[in-house]
Amino acid sequence: MARIGLLGGSFNPAHRGHRRIAIAAMRELALDEVWLLVSPGNPLKAGASDMAPFEARFASAQRVSRRARLRASDFERQEGTRYSIDTVKRLKRRFPRHRFIWLMGSDTLPDIHKWRDWRGLARQVPIAVISRPGYDRAAHAARAMGWLRRFVHPQSQARRWTEWSAPAILFLRLPPDSTSATAIRALDPNWHRRSDLSQPARSMAAIFRQENP
């Protein structure tokens with residue numbers, strides 16, 4: 001059984017903050033790997049004028065994954081899923097021997113009630129909310145917490161998450177990192193045109209063939 005953290009997002013671009021929180025969460029939750037699920041098109045960001053092409057965002061996720069137990073994943077593109085609930089269901093079918101936990105920043109939790117079947121997602125996998133500077137109060141006051149609050153586990157039990165029955169949620173206080181994709185785009189709107197982001201990456205289909213010969 002592999003213990004896998006799932007960190008989804010647009011990764012527009014992926015940056016050191018993603019890497020740092022993924023590695024810190026890996027240590028806190030005793031994970032074998034964290035998969036960076038690069039969204040081919042976030043429904044909540046449809047029409048965004050500053051969304052870089054998928055290939056550049058995927059390559060940036062591959063870059064921050066180097067020399068760590070992180071995987072840049074194009075699973076959603078391969079499977080044609082747009083919503084996290086569908087992605088998680090297919091991952092569980094594709095990798096039945098793995099145990100998954102959903103990783104999300106405290107800046108995202110206030111909007112989770114807008115996700116398609118977010119309660120269904122919580123029933124599929126445990127959720128770990130990672131502290132982001134300036135967002136913790138909003139996260140605890142999130143609309144979805146009216147339902148999720150009864151399923152909160154203490155951080156002291158973080159390594160036992162595979163023993164929990166979903167729904168289950170915990171809040172992880174990790175070393176803060178204020179790096180922001182929005183700030184990166186503001187400073188460098190053409191970040192995705194750099195040549196070091198053009199290298200090909202292994203797809204999840206290739207990984208699946210390797211793990212299931």
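The structure is a predicted model, in which local features need pLDDT of at least 70 and side-chain atom pairs count only at pLDDT 80 or more, while totals for chains, interfaces and linings use all residues. Residues are numbered from 1 along each chain as its sequence is written, and side-chain values use heavy atoms, with hydrogens and water left out.

The protein contains nine helices and seven strands, taken as DSSP runs numbered from the N terminus (helices, H or I, at least four residues; strands, E, at least two). Of its 213 residues, 48% are buried, where buried denotes under 20% relative accessible area, exposed over 50%, and partly exposed the range in between (1.4 Å probe, protein chains only). Among contacts (heavy atoms within 4.5 Å) between residues at least 6 apart in sequence, 78% join residues at least 24 apart.

Strand β4, comprising residues 98–105, is mostly covered, with seven of its eight residues buried. Strand pairing requires that DSSP find at least two bridges between the strands. Strand β4 pairs in the parallel sense with β1 (residues 2–9) over six bridges, and Ile-101 in β4 is the bridge partner of Gly-5. Strand β4 also runs parallel to β5 (residues 127–130), to which four bridges join it; here Leu-103 stands opposite Ala-128 of β5.

Side chains of opposite charge can pair when their charged atoms come close. Eight salt bridges were counted, each defined by a side-chain nitrogen of Lys or Arg within 4 Å of a carboxyl oxygen of Asp or Glu. One of them joins Arg-90 and Glu-79, with an N to O distance of 3.4 Å. Because Arg-90 belongs to helix α4 (residues 84–94) and Glu-79 to helix α3 (residues 75–79), this pair ties together parts that are eleven residues apart in sequence. Arg-90 is partly exposed at 32% relative accessibility, and Glu-79 is partly exposed at 22%. Glu-79, Arg-90 and Arg-94 are linked in a network of salt bridges.

A further salt bridge connects Asp-136 with Arg-173, the closest N and O atoms being 3.2 Å apart. Asp-136 lies in helix α6 (residues 136–140) and Arg-173 in the loop between β7 (169–172) and α8 (181–187), so the pair ties together parts that are 37 residues apart in sequence. Asp-136 is buried at 18% relative accessibility, whereas Arg-173 is exposed at 61%. The side chains of Asp-111 and Lys-114 also meet in a salt bridge (3.5 Å, N to O); Asp-111 is partly exposed at 33% and Lys-114 is exposed at 52%.

Six aromatic pairs were found in a search of the whole structure. Rings of Phe, Tyr and Trp (its six-membered ring) pair if their centres lie within 6.5 Å, with planes under 30 degrees apart counted as stacked, over 60 as edge-to-face and the rest as tilted. Trp-35, Phe-95 and Phe-100 form one aromatic cluster. Charges also sit over rings, a relation assigned if NZ of Lys or CZ of Arg is within 6 Å of the ring centre and within 35 degrees of the ring normal. Arg-116 lies over the face of Tyr-83 at 3.9 Å from the ring centre, and Arg-119 over that of Trp-147 at 5.6 Å.
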